[in-house]
Amino acid sequence: MTRKIFLCPTAALLILLAAGASARAQNPEPDARRAPRLQENIITLKLMRMTQVLELTEEQTAKIFPSLTRMEKEKFEISNRLTGKMRDLRALLRSEKAGEAEMAAAIEGIGALRLEIRGKDREADEFLKTQLSVRQYARYTLFLVDFHRGLEEKLNRARMMRTSPPSGTRKRPPSN
């Protein structure tokens, strides 16, 4: 008998965010060291949500999770290199000494990394097509868009909360 795994996505997200907030409060560390943990949390959340939305069986989960985890980590590594290349290109644009050849090489490097990321996405898609039913793959296609949109919204809200002053510190107008 196969059992389907269900996880409450809201509870999972709250646990991940609370763990991150707790770790930051106890030991504020540079973003460079925090990034891999955040990336792992995002991968875990994505896989948990995917399990629920696609109604994966235990057998499917056992086959899919290791491969997708590897591919997602590889994508994050490429993405981190891409971020570095973009930072370098920004520095070149600010520099008055930078030549067009340097900028062209930087642009070429960025393009190559973007193609690498697309290749990882294609690899994941091809793998999932062999592991999922057509109905599950259709759900996966929609899940990806919804997951990334929701993640972006949550991250934007978290950024807004980080940049706005705490609610108790705002000056109130004098009362009469």
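Visitor: Is Y140 buried or exposed?
Guide: Buried means under 20% relative accessible area, exposed over 50%, and partly exposed in between, with a 1.4 Å probe and protein chains only. This is a predicted model: local features need pLDDT of at least 70, side-chain atom pairs count only at pLDDT 80 or more, and totals for chains, interfaces and linings use all residues. Numbering starts from 1 along each chain as its sequence is written, and side-chain values use heavy atoms, leaving out hydrogens and water. At a relative accessible area of 4%, Y140 is therefore buried.

Visitor: Where do Y137 and Y140 lie?
Guide: Helices are DSSP runs (H or I, at least four residues), numbered from the N terminus. Y137 and Y140 are three residues apart, about one turn of the helix, and both lie in α5.

Visitor: What kind of pair do the rings of Y137 and Y140 make?
Guide: The whole structure holds three aromatic pairs. Rings of Phe, Tyr and Trp (its six-membered ring) pair with centres within 6.5 Å; planes under 30 degrees apart are stacked, over 60 edge-to-face, the rest tilted. For Y137 and Y140, the centres are 5.9 Å apart and the planes meet at 40°, so the pair is tilted.

Visitor: What is the relative accessible area of Y137?
Guide: Y137 falls in the buried class. Its relative accessible area is 18%.

Visitor: What angle separates the planes of F143 and F147?
Guide: F143 and F147 are four residues apart in helix α5. F143 is buried at 4% relative accessibility, and F147 is buried at 9%. Their rings form a tilted pair, 5.5 Å centre to centre, with an angle between the planes of 35°.

Visitor: Which residues do ring pairs link into a cluster?
Guide: Y137 and Y140 pair up. So do F143 and F147. Ring pairs link the cluster of Y137, Y140, F143 and F147.

Visitor: Which element gives the largest share of the lining of the second largest pocket?
Guide: A pocket is an open set of points on a 1 Å grid over the protein atoms alone where a 1.4 Å probe fits, with protein on both sides within 12 Å along at least five of seven lines; lining residues have an atom within 4 Å of a point. The second largest pocket is lined by 17 residues, with K75, F76, S79, I117 and H148 nearest its centre. Elements giving two or more residues to this lining are α2 (31–54), α3 (58–94), α4 (100–131) and α5 (134–163). The largest share, seven residues, comes from α3.
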